[in-house]
Number of protein chains: 2
Amino acid sequence: MSATARVPQGERTRAMRARLLEATVDLLVEKGFSGTSTTLVSERAGVSRGAQLHHFPTKNALVVAAVEHLTEIRGSDLERAAAALPDGEDRTVAVLEMLGDHFSSPVFTAALELWVAARTDPALLEAVAPLEQRVGRETHRLTVELLGVDESRPGARELVQATLDLVRGLGLANTLGDDTRRRRRILAQWAVTLDAALDAAPATKKAAATKKKETTS
Amino acid sequence: MSATARVPQGERTRAMRARLLEATVDLLVEKGFSGTSTTLVSERAGVSRGAQLHHFPTKNALVVAAVEHLTEIRGSDLERAAAALPDGEDRTVAVLEMLGDHFSSPVFTAALELWVAARTDPALLEAVAPLEQRVGRETHRLTVELLGVDESRPGARELVQATLDLVRGLGLANTLGDDTRRRRRILAQWAVTLDAALDAAPATKKAAATKKKETTS
DNA sequence: AAACAAACAGTCAAGCCTGTCTGTAAATGG
DNA sequence: CCATTTACAGACAGGCTTGACTGTTTGTTT
């Protein structure tokens, strides 16, 4: 009689899929996209080949699910990091370093692998493109909010975009070796320049809340 | 005696290797790194498998040679594009667009594939890292020269680096679809900001030659 | 011109990867 | 408590890739 439902099926499925997706992301970072074979994933996840194929019938299904999983991780990572930002005077530099760190983290590396692979894999592209676009838009929105940028000012929007493309480029540079020191120097300088550019003719800048900086030496 | 050297061996070797390397680079762009199999390369190059293995005994040898080949192409491409730059007043924007175009071109795409693959392939990394570093330094030098930047001024060097990392990021964004319009807008704004930042306190700026801009509205 | 070396051609085996297939255990529903 | 469905296990075949290997042609050297 005791032998009724020990572990409900929903729970089992969730755990199994989670383990597989985590292993997939880990392997993307460790071995790259082409090195992430389904056999390796099942081994790494401690899941039998049969079970894996049950939950994800094809490699594409697995990878697409991994893309979605990764997108969620990236989103929550960013929000968490944003919430932990100090409110002090060096707000801009803190925001930039937070972004720079994110785009140099393993999650970005995994995303980069998928990104590059998707370029020559139509099926993957179909899954990656919309999600990446979403992440891009959200990151933009978040950055605008964190920096208190008035996007109605001409050029402001482009400067935010440039900032994000810059950290993407820095993230790319970071994949071939630790680039932290260089990144810090560059972002510190960019923070000064960006502030100057955005404060140039403040018009109705809502950032009245934010303390204005006349930092320049 | 007339039947001496019809086609000298050196010539044949050079032509054969060139065909193989070109095919390799083409396939990197078309199919990505993992899609670039040695069989495909030999087919594409119109070279027998035996001949291929004669010139490049292993895939690694082929790819490493392709990296070097690509590095040369990138170098000469950049120099050629630099030489073709107009001398007019919008020098900065022209330089930035030239860089942006280069980092959005097929050669960059091929380099990106190698770059990403090298991250998880020690043998490849050994070949890619030093060459990429060289290209990076040369690009930096070229940019400094084209923009007439005085690197002795604090922050100037970092702004140039930021510019290059930005175009790298823009190049990355361009791989998932044509991004030309957005890139132009961003670079136009970046040019304004960069000029303002570099001209801020001109000290002994040698760019006395370059016309000064008080563009800001 | 003869011997030698380099260039070129194509076949073959070993290994890996993916996805199919058959079989077993566990859980839910009546 | 039995039937049905879902979860899990592992063997297997087909395809592709790499590099080794044998044989043929072409250029070089003396």
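One point before we start: the model is predicted.

Let's begin with the two chains. How does chain B relate to chain A? A rotation of 180° superposes chain B on chain A, with 0.0 Å of shift along the axis. The RMSD of that superposition is 0.1 Å. So this is the relation of a two-fold axis. The same surface serves both copies.

Now the contact between the chains. Chain B gives 37 residues, and chain A gives 37 residues. Together, chain B and chain A bury about 3400 Å² between them. Of that area, 67% is on carbon and sulfur atoms.

Next, helix packing. Two packed helices are described by the angle between their axes and the distance between the axes. Keep that pair of values in mind.

Stay in chain B. Helix H8 of chain B covers residues 156-174. Its axis and that of H9(B) come within 11 Å and cross at roughly 175°. An angle over 145 degrees counts as roughly antiparallel, so H8(B) and H9(B) are roughly antiparallel to each other. Who meets whom? On the H8(B) side, the residues include B:Leu159, B:Leu166 and B:Leu170. On the H9(B) side, they include B:Ile186, B:Trp190 and B:Leu194. By class, this contact has 13 nonpolar, three polar and two charged residues.

H9(B) has another partner. Helix H5 of chain B runs over residues 91-102, and helix H9 of chain B over residues 180-199. Their axes come within 9 Å and cross at roughly 135°. H5(B) and H9(B) are therefore oblique to each other. H5(B) passes H9(B) in a right-handed crossing. From H5(B), the contact takes in B:Val93, B:Leu96 and B:Glu97, among others. From H9(B), B:Arg183, B:Arg184 and B:Asp195 are among the residues they meet. The classes here are six nonpolar, two polar and five charged residues.

Last, over to chain A. Helix H6 of chain A spans residues 106-119, and helix H7 of chain A spans residues 122-147. Their axes come within 8 Å and cross at roughly 130°. That makes H6(A) oblique to H7(A). The crossing is left-handed. H6(A) brings A:Leu114, A:Trp115, A:Ala117 and A:Ala118. H7(A) brings A:Leu124, A:Leu125, A:Val128 and A:Glu132. By class, that is seven nonpolar, no polar and one charged.

H8(B) and H9(B) are roughly antiparallel, while H5(B) and H9(B) are oblique. H6(A) is oblique to H7(A).

Notes
Residues are numbered from 1 along each chain as its sequence is written. Chains are lettered from A and ligands numbered from 1 in the order in which they are written. This is a predicted model: local features need pLDDT of at least 70, side-chain atom pairs count only at pLDDT 80 or more; totals for chains, interfaces and linings use all residues. Side-chain values use heavy atoms; hydrogens and water are left out. Copies are superposed by least squares on the C-alpha atoms of residues with pLDDT of at least 70 in both. Contact means heavy atoms within 4.5 Å. Axes are lines fitted to C-alpha atoms, for helices over the stretch in contact, and angles run from 0 to 180 degrees between N-to-C directions. Helices (H or I, at least four residues) and strands (E, at least two) are DSSP runs, numbered from the N terminus. Angles under 35 degrees count as roughly parallel, over 145 as roughly antiparallel, 65 to 115 as roughly perpendicular and the rest as oblique. A crossing is left-handed if the near helix is turned anticlockwise from the far one by less than a right angle, and right-handed if clockwise. Ala, Val, Leu, Ile, Met, Phe, Trp, Tyr, Cys and Pro count as nonpolar, Asp, Glu, Lys and Arg as charged, and the others, Gly among them, as polar. Buried area is the accessible area (1.4 Å probe) that two parts lose on being put together, summed over both.
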